[in-house]
Amino acid sequence: MMDQLPPGTPQNERTEPDAAPVQTPDAASAAISHREYVTQLFTKYRASLQRYLTRLVRPDDAAELVQETYFRLLRHENTVRLEAMARAFLFHTATNLARDHRRRGLVRRSDQHVALDDLEIAQEHQGPEQQLVGEQILAQIERAIADLPADTRTVFLLHRFRDLSYPEIAKLMNLSTRSVARKMADALERLSSVVEATL
Amino acid sequence: MKSFLRWRISEQGAGGWFARLRSGRVDERVDAAWSRWMTEADTHAKAFENTELAWELSSDLEGRPKIEALLRDLDAQFPADARRAAAQLIPGRGPFAVLAQSWRLAGLAALALLCVGIVTFFMLNRTSVTDYTTEIGEQRTITLPDDSHVLLNTATHVRVTYSRSLRRIDLLSGEALFQVQKDARRPFEVHALNGVTTAVGTEFDVQVNGASAAVAVLVGTVKVEGSAGDPKGQSVQVTLGQAVDYSAAGDLSAVHAADANRIRAWQAHRVVYTDMALASALQDYNRYLRVPIVVGDPSLAARHVNGVFRIGDQTAFIHALEEGLHVKAVATGSEIVLQKQ
């Protein structure tokens, strides 16, 4: 992987096979090119992304993953032109890259493993070595979730692990959509204070 | 709903902002307000990072005993069918709520624009013909003006022809799941190869695979004709839990059980393999990959694969294969070859 490549420098762009033509109604209104948009976005959030990744992997690996995230974003042609959504995609992609990075590190280290004819590994069952962060912080987040007020916890679990949207949760729990969003906000405040205190 | 839109911006902290951005109701005004808040103070940006990190890390908790116990209680309180029912009450979402998070974020905003586009078209009272495609590994939901939904799976191309008297989808390649709103005056037709599947109000999946097409029904009943418009052609009624295949020549298979688990899984951006031969599993998984995974040693093809895998997390899938089947994955550039270790 290249050591450094300022955003906007095209010489090392990876090419992907051409995608099928996609006619999206919103594509025509794009004022600046995808590359320009991604580059602006990336320049703006680069420092934040680097800081974020440094909490997950070693600093020099973080620098590498920052670059890789930029390439991923370039390749993702239908990036939404809402900055908050694009940023969410950026950080989500970076987190997944950090996860992959951990796994690759693990593969390199594991030369001996048991031969199994069948494969029983579901995503949910990852060994502690494959975790993105230490056992301690995960246990603390887990405890913080368990300690949330019952309704707040239910909202969080339904949204996080059962993929329900706020209006769906509101219907299910007989709450207003607004109060579902409030409870999500409360849950996130609690969890993020755990992360802030320990990571 | 109105009051939710007027949620006061000033009182929000990082958690509040993050929660609000996941509401699916983000427009340019909210986006701009968020952006201002982020640059107001460095502490804001840092607090937001902490929230992002907490959110991302929380997904790593799946499978841990305490969380699994909480989820079991949750599922007892709100069983899957109650959740699905709640989802179906929400206009514009339906059972597609389970789209993977990253796609949901990107998708919701795109969907909003798409709806506006289609509704505008409809108001002009013309027949609209629009093509939609997904790239390899991508999924996408289309909402029609009548609130029917079409969820496109990987590498799919559909053409939607929509007017006051017609709801027609041509599935030119790939796979799509249709959730159809009832409208007796206007049947919903899905054309694939030379055949047609007709529904009034139902949910069904159609997949084109080379010269054969497969129709599986999850809710309601559809009529499948192998050769559209041919009065002497074969046709059959297919009802919930059933499936039928047909060839390009119009020959229908016997009606058999639908693989509803597979369809619900792809809808949730996952694949489920239960005791499946590696060769078949790869054939399926490769539909989602630009760089296919192939078997380098023929003796591996009959090995069996079990598991639930997230579509798009190719690294995890390959890693699971390496660990479970004791193989080594070697990237050659054009493909990933599995070799015996």
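Colleague: In what order do the three strands of the open sheet with mixed pairing stand in chain B?

Modeller: The model is a predicted one. β15 (293-295) and β17 (327-331) of chain B stand at the edges with a single partner strand each, so one side of each is left without a neighbour in the sheet. From one strand to the next, the twist averages 30°. The sheet is open and its pairing is mixed, and the order in chain B is β15-β18-β17.

Colleague: Which residue of β18(B) is the bridge partner of Ala329(B)?

Modeller: Strands of a sheet pair through backbone hydrogen bonds, in either the parallel or the antiparallel sense. β17(B) and β18 (residues 336-340) of chain B are joined by five bridges in the antiparallel sense. In β18(B), the partner of Ala329(B) is Leu338(B).

Colleague: At about what angle to β17(B) does helix α10 of chain B run?

Modeller: Helix α10 comprises residues 314-325 of chain B. This helix lies across β15, β17 and β18 of chain B, and its angle to β17(B) is about 145°.

Colleague: Within what arc do the buried residues of α9(B) fall, seen down the helix axis?

Modeller: In helix α9 (residues 278-285) of chain B, the buried residues are Leu278(B), Ala281(B), Leu282(B) and Tyr285(B). An α-helix has 3.6 residues a turn, so residues three or four places apart point the same way. The buried residues of α9(B) line one face of the helix, because they fall within an arc of 100°.

Colleague: What covers the buried residues of α9(B)?

Modeller: Both strands and a helix of chain B take part in the cover. The covering elements include β14 (270-277), β15, β16 (304-310) and α10 of chain B.

Colleague: Are both faces of β3(B) covered or open, and which residues are buried there?

Modeller: On one side of β3(B), His149(B) and Leu151(B) are buried. His149(B), for its part, has 21 other C-beta atoms within 10 Å, and 20 or more make a residue buried.

Colleague: What is the phi of Asp147(B) in the turn of the hairpin?

Modeller: β2(B) and β3(B) form a hairpin with five residues between them. Asp147(B) lies in the loop between β2 (140-143) and β3 (149-152) of chain B. With 14 other C-beta atoms within 10 Å, Asp147(B) is partly exposed. Although Asp147(B) is not a glycine, its phi is positive, at about 75°.

Colleague: How far apart are the C-alpha atoms of His149(B) and Glu203(B)?

Modeller: His149(B) has its place in strand β3 of chain B. Along the chain, His149(B) and Glu203(B) are 54 residues apart. Their C-alpha atoms are separated by 9.3 Å.

Colleague: Turning to chain A, how many helices and strands does it have?

Modeller: From the N terminus on, the elements of chain A run α-α-α-α-α-α-α. Of its 199 residues, 37% count as buried. The count for chain A is seven helices and zero strands.

Colleague: Are α6(A) and α7(A) roughly parallel or roughly perpendicular to each other?

Modeller: Helix α6 (residues 166-173) and helix α7 (residues 177-198) of chain A pack with their axes 8 Å apart, at an angle of about 110°. Angles of 65 to 115 degrees count as roughly perpendicular. The two helices, α6(A) and α7(A), are therefore roughly perpendicular.

Colleague: How do the residues of the contact of α6(A) with α7(A) divide into nonpolar, polar and charged?

Modeller: α6(A) contributes Tyr166(A), Pro167(A), Ile169(A) and Ala170(A), and α7(A) contributes Thr177(A), Val180(A) and Ala181(A). The division is six nonpolar, one polar and no charged.

Colleague: What is the phi of Asp163(A)?

Modeller: Asp163(A) lies in the loop between α5 (150-161) and α6 of chain A. Asp163(A) counts as partly exposed, with 18 C-beta neighbours inside 10 Å. Asp163(A) is not a glycine, yet its phi is positive, at about 55°.

Technical notes
Residues numbered from 1 in each chain as written. Chains lettered and ligands numbered in written order. Predicted model: local features only at pLDDT ≥ 70, side-chain atom pairs only at ≥ 80, totals over all residues. Pairing = 2+ DSSP bridges. Helix = DSSP H or I, 4+ residues; strand = E, 2+ residues; numbered from the N terminus. Axes fitted to C-alpha atoms, helices over the stretch in contact; angles between N-to-C directions. Contact = placed C-beta atoms within 7 Å. Buried ≥ 20, exposed ≤ 12 C-beta atoms within 10 Å, placed from the backbone. Arc of directions from axis to C-beta. Parallel < 35°, antiparallel > 145°, perpendicular 65-115°, else oblique. Nonpolar A, V, L, I, M, F, W, Y, C, P; charged D, E, K, R; others polar.
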